[in-house]
Amino acid sequence: MTDDLGLPGRRELPPEVLDNLRMSLREGMGKPERRRWPIAAAAAAVVLVLAGALVTTVLIRELDGQGPVVANPDFSLDRPKAEEAMNRCWAALQTRGRAAGFPARDAWVPQFTVAPSWTSVTVVAVRAGDKTFFCETTSITVTVSDPDTVPSYATGTKTAALLTSHAGTVAGVADPGWEKMEIFSRTADSTASSEVPIFRNGNLFVLLSQSKPSRTTYSVGPYTGQPGDGVTVAPHALRPAPEPAVTEIDRVPPVVPDRGTPAGEFFQTCVEGAAEPLPDVDVYETGTLLEGDDVKVVAARLGDRFVVCQGGLGYRDGTSEYYRLFSDQTTERRPVRNLSTETLGGSEQGGAGSAKNPFIGIVPRAATTVKLDFGAGKKVDATVTDGTFAVWRPESTEAMDPNAQVGVVVLDAEGKTLHEGTLPLY
């Protein structure tokens with residue numbers, strides 16, 4: 001449904017554009033050897049945020065809306081989301097000629113769902129007869145694990161990844177001897193450790209990682225109460241997941257936003273260079289672009305979802321380019337708010353030059369002027385583009401006040417005030 005994406009009306013895309021979208025979807029998934037094995041399992045859910053190693057368990061309501069599944073208190077089921085996702089996954093299997101390898105759609109029974117509000121990803125653990133598999137959907141894509149592939153267990157365990165996706169999903173079967181499990185994640189620039197609950201009816205887990213699986217190595221072990229280090233805690237290397245039964249763009253976008261503009265070109269470079277995944281990246285519209293000394297920052301949106309991507313040669317020590325992507329995880333969808341960013345070129349990044357701090361936010365699309373008051377006479381007009389604004393924060397010699405506020409006035413093209421208030425500085 002294109003209305004769900006906040007995109008213009010439908011029209012046919014050129015075949016070469018659609019091919020590029022499909023290539024982007026499959027990037028980093030690989031094509032490991034395919035083997036067959038009947039798996040009977042269900043799943044578990046956890047969200048791992050590498051920045052700051054924040055771990056959030058996703059709770060979704062039981063069928064009657066009265067609470068989580070009693071036998072697995074860390075898991076629950078959103079029936080409407082599950083049904084919508086399973087319908088899309090079944091249709092994709094039919095389209096790609098893979099439906100014959102699955103039980104009939106009316107035999108599919110959802111075990112639980114993972115659908116946090118900060119992402120377009122929904123994952124459903126599905127049981128059908130003697131088969132259990134994962135159905136993942138985003139705004140425009142579906143991915144279905146193959147229930148007949150043989151899992152490649154981590155040495156010395158019965159833990160294996162059964163599905164990884166471009167959107168960041170890592171799903172698998174956990175060792176039945178573990179009460180809980182620890183997952184240790186390592187990218188080129190960060191590490192994180194997560195306590196992961198196990199869904200007992202089948203011993204499977206689902207991890208929604210904020211690092212791209214293609215750029216992350218994972219190791220696992222039983223939960224011990226100590227942070228994972230990949231050596232003594234969570235020491236078992238998790239092997240790559242098998243190829244999914246299908247991964248497909250099932251909701252073809254009516255248009256693909258232009259990447260030929262300065263903002264579009266940098267956004268493409270940035271999201272490709274960043275370790276963080278961005279589901280449906282090809283249909284994000286770019287907003288305001290900030291440019292500095294060897295660094296750039298850009299805001300982008302997909303409907304009511306927003307991200308900031310920033311980076312360049314000056315992000316850290318100036319010897320190599322570095323990029324990061326920050327998704328808006330705010331649950332309170334205020335029409336005027338600022339977005340998460342990070343200092344570029346600061347000493348904490350190893351920078352030797354002058355640190356620059358972006359101040360970026362969201363305003364109504366009708367806004368053409370955003371006036372910001374940082375105090376001490378530091379008033380600036382931000383650059384405004386398609387419902388986003390951005391400005392480099394003025395330098396300050398004062399001590400950082402975590403409660404500091406920035407005055408903001410938002411005007412439309414006729415000078416009418418759309419909003420007046422304050423935003424947190426940090």
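Which side chain does Arg337 meet in a salt bridge? The partner is Asp328, with N and O 2.7 Å apart. A salt bridge here is a side-chain nitrogen of Lys or Arg within 4 Å of a carboxyl oxygen of Asp or Glu. Both Arg337 and Asp328 are buried, where buried means under 20% relative accessible area, exposed means over 50%, and partly exposed is in between (1.4 Å probe, protein chains only).

Before we go on, a word about the model. It is predicted, so local features need pLDDT of at least 70 and side-chain atom pairs count only at pLDDT 80 or more, while totals for chains, interfaces and linings use all residues. Residues are numbered from 1 along each chain as its sequence is written, and side-chain values use heavy atoms, with hydrogens and water left out.

Let's turn to the other charged pairs. By the salt-bridge rule, the structure has 16 salt bridges. One of them joins the side chains of Glu83 and Arg105, at 2.7 Å from N to O. Glu83 sits in helix 3 (residues 79–95) and Arg105 in the loop between helix 3 and strand 3 (109–114), so this contact ties together parts that are 22 residues apart in sequence. Helices (H or I, at least four residues) and strands (E, at least two) are DSSP runs, numbered from the N terminus. Glu83 counts as partly exposed because its relative accessibility is 26%, whereas Arg105, at 14%, counts as buried. Arg79 belongs to this picture too: Arg79, Glu83 and Arg105 are linked in a network of salt bridges.

The loop between helix 3 and strand 3 also holds Arg96. Arg96 forms a salt bridge with Glu248, and their closest N and O atoms are 3.0 Å apart. Glu248 is in strand 14 (residues 246–249), so the pair links distant parts of the chain, 152 residues apart. Arg96 is partly exposed, with a relative accessible area of 43%, while Glu248 is buried at 8%.

Four strands form an open sheet in the order 10-9-12-13, with antiparallel pairing; two strands pair if DSSP finds at least two bridges between them. Strand 10 (191–196) and strand 13 (236–237) stand at the edges, and each has a single partner strand, so one side of each is left without a neighbour in the sheet. For strand 10, look at strand 9 (residues 181–186): the two pair in the antiparallel sense over six bridges. Within this pairing you can find Glu182 opposite Glu195 in strand 10.
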